[in-house]
Amino acid sequence: MSASRLIVTTSLLCVLAASSVYAEEEARNAVGNLVESNGMAKDGWLVVRTPTILSAERSSQLVTDERSAIVNFNALLDLNANDAIRADAMRRVAWLNLRIAQRSLDSRSEQLVTAIALYERLLKELPHDAENDVTLYQLAHAYQLQGRDDASIDALTRLTGSYPHSVLVGDAAFRAGELLYSKGRFAEAQTQYSIALTDGGRNLVDPARYKLAWSEYKQGKYSAALPMAFQALDRYLPPGDLSDPDKSLGAVDGAHAELVADSLRLADLSLIALGGGDAMVRYFSEAKYEPRFGVLLYTSVATMLLGRQRYGDAAAVDAAFVERHADHPLAPIFLKRQIDALDRGGFVEQEALAKAQYIAHFEPGAPYWHGKKLDAEIMANVHTQIGDLAQYQHARAQALSAASKVERAAAFALAANSYQKLLDDFPGDSKRQEVEMQLADTLLEADRTDEAARRYDHVAYGFGNSAIASAAALAEVQSYRNEALSMTGDAQHSVLLKSVDASVRLAATFADHPQKNAVLVRAAQDLHGMGEDGRAITVAAPLTDPKMGTVDPALRQQALAVLGDAHFVRHEYAAAEVSYAALLKTAGTLPAARTAVVEQLAASIYHQGEAARDAGDMRAAANAFARVGEVTPNATLRANADYDSGRMLVDLKDWSAAETMLEGFRSRFASNRLLPDADRMLADAYYADSKYAKAAPAYQRIATRREEPVAVRVDAAWLAAQSDDRVGDDARTALAYETYLTFNDGNVRRAIAARERLAQLAEAKHDSVTQRRWLKSVVDADLAAGAQRDDATRFAAANAVLTLGRLDAADAQKIGLTMPLAASLPRRQKAMQTAASEFNAVAGYGLADTTTAATLDMGVMYRSFADAIQKITPPPGTHADDLTAWHAALAKEAQPFDAKATAALEANVARSAQGIWNKAVQTSARVLADMSPALYGKNDEREASDADLR
């Protein structure tokens, strides 16, 4: 045997020891078996399995057989062996170096470099070697150990492309796919996974299909990824109910559990990427197929979306299931999950729509229950959803602007319908009273007030006493009252009465209701406002009774106010007074309110006075009017009341009381419009009470008050003068009469009387000049009286002329006749002529008394003149003999005047024949008898006694 042959043989023999190890390693290190779970690496949402580095057990030293084999194989390479032997030797040396390098885990080790060099040399020198598929496979592994993944990928893809029939194609393709996938080269990875799926053998089918699907997904080919994911799920998921993801995955055998879980995850992601719920419905509809684990898919997709807080999308998946499987036993669960997801996401409106869908789908009588028995749990959910939906709709309606009346009304109507549905679908609901209350509230807010009120009434009195019933009773009252406020006329009256009836019923039913007294007070106020005052009194009176318990002071005030006003309107003024007086005694009434009450109290008392006056009881009327000022001294009505009281007292001729009342009126109400009348009554009272000293200034005030009618002022001026006259103050009296006369009173008699009195006052002062002036004024007044001239005025004028004559006669008599007569006699005669003309003028008035008096005075004047002539003292030194002649001469001079005197007196006495036998006539007869006893000494049988003549 040659040396070279020996070396080869020896080398072959040396490696035999390692050949079995090599063959074993080749089988064990196929790529399909070398891919293992070496931890989870996050790639977005994906969990990617990455290929491992082929590892060998580490040792501190190289085994002797491996070292020897390397030496022998290297020696073999130095020989000129044929290609087959050289190729085999090179592969074995490379493999042994690779094994050593693998143990060292050193990517820069000499052995790894040597191995790679040998594999590359082999491929270069023997490109057509039949076992180059193994060479490429091992070279790819060496590259990977060295960290040269791209070179490894090139080697593996060269293998799968050049050696499609190699037993290593499946493993190589899968290994290449894994490396490409890890680098994000998903389209190339897809190609390699497809090869592995076809040529990789049974062990690579599942992982190749799984990674192929992921590659499709990574390229956005979500629909393409789904069938492969579905295959794994269909193959390894257990039969039966697959609605619960955790239970379903837990039932998969351990060897495939991770594959199934990740396949489900891939399916979820793909379906989500395609659009979630809508995509699922569309996908299954187009495919006309839905896998047996469809429920699991819907649940899992929705769960994944929830985990990503995509609540709206999760809800859409649940809704999609129900859309496709409306009658499915799990439809209630999916719709409930949809609602929960929307709730978690804060999709309020969408949640409301979902609840409405749930209700419509599962409420009693819905098509879902045809042929099915109602499920208690689902019914409980329906109940909850209706209640929640109604409250949402209610709150939404309340949030709408009041300006949007139409929209707001529609929103409240929608809420009301939901509350009504809850009542209709669940008539035995334990919270029915509460629901009806909510329905009533909604109806009220929808301006369906009458419906709301009737519903409140049922809530209040149809379920027994409770807090809800109590609140409903109050709401009924308020509903009717608010409705009434928008009405007028009879319609308002009718609805207000409903509110009142509801108020009374509330008080009777809910004795402890905190608003009981308040609603009763308001009911009483409404009754009063409607004119139902009798009933208003009935409702309000108990609230003012101390026996009824504690009533809020403010409410008691209001009740008292209603009582007072109602009694007042009914003309029950005494009762009204009691209520108003009690109201004033309560604390806390505001000043403005107190003023109003005071005025009403005053009016109540005043009207009692009016009633007494109208009944003819003047004393009671006067007392009532006076009581206005006593009880309500500051009331505006007091002025009228004091005035009327004074007037009643005047009518009663209770002068002292009248004076006191009217004096008070004057001092308190100096600017009141009634002051003039009050002043007149006061003056009259003084006058009637003979208190002339007070009457005079009172009348003077009236007379000087320019706003008084002229007639009133004239009368007052007259009475002022009359009062002063009665006081006895001549100076004030004269001034008063003169003041009176300045008014030019049309009452001629009274005006003449004033002049007569002024003449008398002047006479008392011996002021003949003033006396004559006023006497002439009397005469002038009579002459100017016109139609008012009568016997009285003529008598006054005649008497004034008579008095003037007497004054002139007295003045004439004062002129003594002394010698020489030429000096005195003409003056006296002239004065007598003046007097005689006045006496004659008296006769012109044609009045018996004044004419006879003037005739008497004229006769007496002539007689006195005749006597005065005869008594003229003769001149000194007249001889006695001459005295007779003197006296005879004087008698002769006096005789004409005696004749005039006799004629005048006889003319008077002759009037007796006319039936005139007054004092003047009688005096005339007596004077004639004195003048000529023989002729006239016989007394006429009608002659008065001496006493009569005095």
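Residues are numbered from 1 along each chain as its sequence is written, and side-chain values use heavy atoms, with hydrogens and water left out. In this predicted model, local features require pLDDT of at least 70 and side-chain atom pairs count only at pLDDT 80 or more, whereas totals for chains, interfaces and linings use all residues.

The protein contains 45 helices and two strands; these elements are DSSP runs numbered from the N terminus (helices: H or I, at least four residues; strands: E, at least two). Of the 950 residues, 48% are buried, where buried means under 20% relative accessible area, exposed over 50% and partly exposed in between (1.4 Å probe, protein chains only). Among contacts (heavy atoms within 4.5 Å) with a separation of 6 or more, 58% are between residues 24 or more positions apart.

Two packed helices are described by the angle between their axes and the distance between the axes. Axes are lines fitted to C-alpha atoms, for helices over the stretch in contact, and angles run from 0 to 180 degrees between N-to-C directions. Helix 32 (residues 655–668) packs against helix 33 (residues 675–688) at an angle of about 150°, and their axes are 9 Å apart. The two helices are therefore roughly antiparallel to each other (angles under 35 degrees count as roughly parallel, over 145 as roughly antiparallel, 65 to 115 as roughly perpendicular and the rest as oblique). Helix 32 contributes W655, E659, L662, E663, F665 and R666 to the contact, and helix 33 contributes L675, A678, D679, M681, L682, A685, Y686 and A688. By class, this contact of helix 32 with helix 33 comprises ten nonpolar, no polar and four charged residues; Ala, Val, Leu, Ile, Met, Phe, Trp, Tyr, Cys and Pro count as nonpolar, Asp, Glu, Lys and Arg as charged, and the others, Gly among them, as polar.

For helix 23 (residues 467–485) and helix 25 (residues 516–529), the packing angle is about 25° and the axes are 12 Å apart. Helix 23 is thus roughly parallel to helix 25. In this contact, L474, V477, Q478 and R481 of helix 23 meet V519, R522 and D526 of helix 25. The residues of the contact divide into three nonpolar, one polar and three charged.

Across the whole structure, 27 aromatic pairs are found. Rings of Phe, Tyr and Trp (its six-membered ring) pair if their centres lie within 6.5 Å; planes under 30 degrees apart count as stacked, over 60 as edge-to-face and the rest as tilted. Y283 and F284 form an edge-to-face pair, at 5.8 Å centre to centre and 80° between the planes. Both Y283 and F284 are buried. Another edge-to-face pair joins Y687 and Y692, at 5.3 Å centre to centre and 80° between the planes. Y692 counts as buried, with 18% relative accessibility. One aromatic cluster is formed by F230, Y283, F284, F293, Y298, F321 and F334.

T442 is located in helix 21 (residues 432–445). With 0% relative accessibility, T442 counts as buried. Apart from neighbours within four places in sequence, T442 is in contact with H394, F412, A415, A416 and Y419.

S690 lies in the loop between helix 33 and helix 34 (692–704). At 47% relative accessibility, S690 counts as partly exposed. The C-alpha atoms of S690 and S723 are separated by 8.6 Å, with the two residues 33 residues apart along the chain.
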